[in-house]
Amino acid sequence: MTDYKRIELLVKVAKLYYENDFSQEMIAKKLGLSRPYISKLLNEAKENGIVRFQVIDPLSTETPLEQKLRERFRLEKVRIVPMSEGPASLSRLGLEAARFLDSILQDNDIIGLSWGATIHACSQALLQRNDLHNIIAVQLCGGISNLNKSIYATEIGNNFSVSIGSISYTLPLPAVMDSKRMKDIVQKDHNIAKILQYGYDSNIALITTGAFGQKSALVHAGYISHDEMKLLADRGAVGDICSHLIDIHGNICDPELDERTIAVPLEEIKKKKYRICVAQGLSKVDSMLGALNGGIANILITSEETADLILRQDDYMNP
């Protein structure tokens, strides 16, 4: 067979296989050749550069808006979901977070989790993995009681167990205790201490931010009265992360309240290798800014609209 005839054959086989989705058996029958010979021709096409592969990692590409956010807040990674409205927006945000998490997960990882609808959406979108070993998923903060809507703490842990085979732990405690003394007593329980230690040891934190004001879960649950809310607002409170109330700079807003909070401390969360903040919405812009300004998050996953609002608010505060 002359060289050009050989090249024609290689191109024909490659196009049938890679462009027309023919199986090797189908190509063999079509061309009157053996299946092993078709396999040999496909390998030859790759060796001669007729067929080339390029792996495109969507997580490594970056839009101008993502780059601007990353550089301004010195982040490791920013992923922005295109604009959309309603429940679909939260689902897309959860899927983006799940994809990023899938790209970094390794054996023996400990994943620290906050709770709420956003993290629940992430857990629902997790990719099925059967290759990971010794993964632990642990709640970083106590749950909220007295709310009309679920915070999904148990469901989040269950979803991680089902999807990636993790051992999952939840903190069966309120977010805030009546006193620091009561908190200290509860945390000495060996089962609670074990769960909290996993939170301290976690190398990945998957967190969201909570709004402040009438929409605050801490207010709804009765941990903060409406009068206290006004006082905290005067002190600069903008929202919470894992039940830690913060200001726009990411600092703890009320030390006394924080001393009664059941959660891994913010200073410990800042030590995690991956600190993934997943959040969106106008009501959360200031609390997200607090997370970014305070170095609490080093990876941001948000919507296009929210990303734009964050930059505008930062421009307004730092003209």
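**Helices and sheets in a predicted model**

Visitor: Parallel, perpendicular or oblique: what do we call α4 and α15 relative to each other?

Guide: Angles under 35 degrees count as roughly parallel, and roughly perpendicular means 65 to 115. The α4 and α15 axes cross at roughly 40°. The crossing is left-handed, by the way. The pair is therefore oblique.

Visitor: How many charged residues are there in the contact of α4 with α15?

Guide: On the α4 side you'll find Leu65, Lys68, Leu69, Arg72 and Phe73. They meet Glu304, Ala307, Ile310, Leu311, Asp314 and Asp315 in α15. By class, that contact has 6 nonpolar residues, no polar ones, and charged residues numbering 5.

Visitor: Which strands does α15 touch when it packs on the sheet?

Guide: Start with α4, which lies across β1 and β10 (299-303) and runs at about 140° to β1. α15 packs on the sheet too, with its direction making about 115° with that of β10.

Visitor: Which strands stand at the edges of the 7-stranded open sheet?

Guide: The order is β1-β10-β9-β5-β2-β3-β4, with parallel pairing. The twist averages 15° from one strand to the next. An edge strand here has a single partner strand, so one side of it is left without a neighbour in the sheet.

Visitor: Which residue in β3 is the bridge partner of Leu113?

Guide: Strand β2 (residues 110-113) and strand β3 (residues 136-139) pair in the parallel sense over 4 bridges. For Leu113, the partner in β3 is Gln139.

Visitor: And in β8, what is the bridge partner of Asp240?

Guide: That takes us to an open sheet of 3 strands, ordered β6-β7-β8 and paired antiparallel. Its edge strands are β6 (210-211) and β8 (244-247). Strand β7 (residues 237-241) is joined to β8 by 4 bridges. Asp240 has as its partner in β8 Leu245.

Visitor: Is the protein chain a compact globule or more spread out than one, and what is its radius of gyration?

Guide: The chain has 15 helices and 10 strands. For 319 residues the globule rule gives 20 Å, and the chain is well over that, so it is more spread out than a compact globule. Its C-alpha atoms fill a box of roughly 90 × 50 × 35 Å along the principal axes. The radius of gyration is 25 Å.

Technical notes
Residues numbered from 1 in each chain as written. Predicted model: local features only at pLDDT ≥ 70, side-chain atom pairs only at ≥ 80, totals over all residues. Heavy atoms only, no water. Pairing = 2+ DSSP bridges. Helix = DSSP H or I, 4+ residues; strand = E, 2+ residues; numbered from the N terminus. Axes fitted to C-alpha atoms, helices over the stretch in contact; angles between N-to-C directions. Parallel < 35°, antiparallel > 145°, perpendicular 65-115°, else oblique. Left-handed = near helix turned anticlockwise from the far one by under 90°. Contact = heavy atoms within 4.5 Å. Nonpolar A, V, L, I, M, F, W, Y, C, P; charged D, E, K, R; others polar. Rg over C-alpha atoms; globule rule 2.2 N^0.38 Å.
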